Amino acid sequence: MNPHHLYVHVPFCARRCSYCDFSIAVRRNVPIADYLAGVRRELQLNLAGAPRFALRSVYMGGGTPSRLGPDGVQGLVAVVGEFFDIADGAEVTLEANPDDVTVNVARRWADSGINRVSLGIQSFDDSVLAWMHRTHDAAQARAAFSALRAARIDNISVDLIFALPQEIDRSWKADLEAALLLHPDHISLYGLTIERATPLARWEQRGSVAAATEESYAADFLLADEMASAAGFTHYEVSNFALPGRESRHNSAYWTGAEYLGIGPSAHSYDGECRSWNVAPYAEWLARLSDGRGVVEGTERLDRANVRAERVYLGLRTKTGFTASAADLAHAKRWSDAGWAEITGSTIRLTPEGWLRLDSLAAGLTGL
């Protein structure tokens, strides 16, 4: 591998949110020393004999990486620095929950090298946050954002969830207005899906909630596009909006097919030909490393059809689009006629209306 992009999965959470099926470990007291030892050991196994690469981006995701606290985050950055150089101007992102953020903590993060924070706000409605099992309220969200600015972290992304069940009395427009009033640099949107083995799935089985309709999902998505665009944001990827120059460089690397290394439970890696993923449970990940065993659970080598399918899909999900063949252009002509795509020369770019149909449109070109 020639990885210039590193993802580190930090699995710890104070509690599991109602919609979450991610690889997390709920811990009252976070075992920072054990976790850092595991990260160090996995890096040793992955990089034995490899040259020292300069990272262009580091992304600490989860889980809730901010649960590591300032000492743990500083320690994690230091462990990464044992194996990699971090290039000048590299993007170093930390995902954080609002209730973990104070000015002093954020200053410690900044001193450690964190220069971008993705803040998991999700909603500014306290009743919605309680329904989601979030551990913060709207006041804490606003205070956390202010604390990050006071700590001179000048690249802040906020996460919001849309397409909630209609039984939930939530104003999506009010949440968007509240987010825009903070003047973030980046906004990430996530349409709520009901995953198996989550509290939300059990509520659906009992009949107390139902998934949002396709119509309400589309209305929420298009309203976000309208309001964020009017506020000066570029809708540069299906789920992401950025002010000029604030696009996520780490996530953009995924969308352009760059190589990346993933460390931690459930983390994925890609070397340009083969994708691999780690075991998901934290306890198993740590036990394997403690025993000197590898933590890769599975691998997938991409054949020519898979590579083309990924190129088409990843291109279509971004504002850049993808360079198409004559046959693809002919197929996509009806998308343009329907307002789902813009075709410029040999480049196909989906519109927000097209992004609502992303999976089916991409499959129409690849046959997969």
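Author: Cys17 is a buried residue, as its relative accessible area is 10%. The model is a predicted one. The sulfur of Cys17 has its closest cysteine sulfur in Cys20, at 6.2 Å, which is too far for a bond. With a cut-off of 2.5 Å between cysteine sulfur atoms, the count of disulfides is zero. Cys274 is also buried, with a relative accessible area of 16%.

Now the cavity. Searching the whole structure for cavities of 30 Å³ or more gives one. The volume of the largest cavity is about 60 Å³. Its lining consists of Tyr59, Arg116, Ser118, Ser157, Asp159, His186, Ser188, Tyr190, Asn240, Ser248 and Asn251. Two or more of these residues come from each of strand 6 (116-122), strand 7 (156-162) and strand 8 (186-191). Strand 8 contributes the most, with three residues. Sorted by class, the lining has seven polar, two nonpolar and two charged residues.

Helix 2 covers residues 69-83, and its 15 residues should span 21 Å at 1.5 Å a residue; the end C-alpha atoms lie 22 Å apart, which agrees. The buried residues of helix 2 are Gly69, Pro70, Gly72, Val73, Gly75, Leu76, Val77, Val79, Val80 and Phe83.

Conventions:
Residues are numbered from 1 along each chain as its sequence is written. This is a predicted model: local features need pLDDT of at least 70, side-chain atom pairs count only at pLDDT 80 or more; totals for chains, interfaces and linings use all residues. Side-chain values use heavy atoms; hydrogens and water are left out. Helices (H or I, at least four residues) and strands (E, at least two) are DSSP runs, numbered from the N terminus. The expected span of a helix is 1.5 Å times one less than its number of residues. Buried means under 20% relative accessible area, exposed over 50%, partly exposed in between (1.4 Å probe, protein chains only). On a 1 Å grid over the protein atoms alone, a cavity is a set of points where a 1.4 Å probe fits but cannot get out, and a pocket is an open set with protein on both sides within 12 Å along at least five of seven lines; lining residues have an atom within 4 Å of a point. Grid points are joined across faces, edges and corners, and a volume is the space filled by probe spheres set on the points. Ala, Val, Leu, Ile, Met, Phe, Trp, Tyr, Cys and Pro count as nonpolar, Asp, Glu, Lys and Arg as charged, and the others, Gly among them, as polar.
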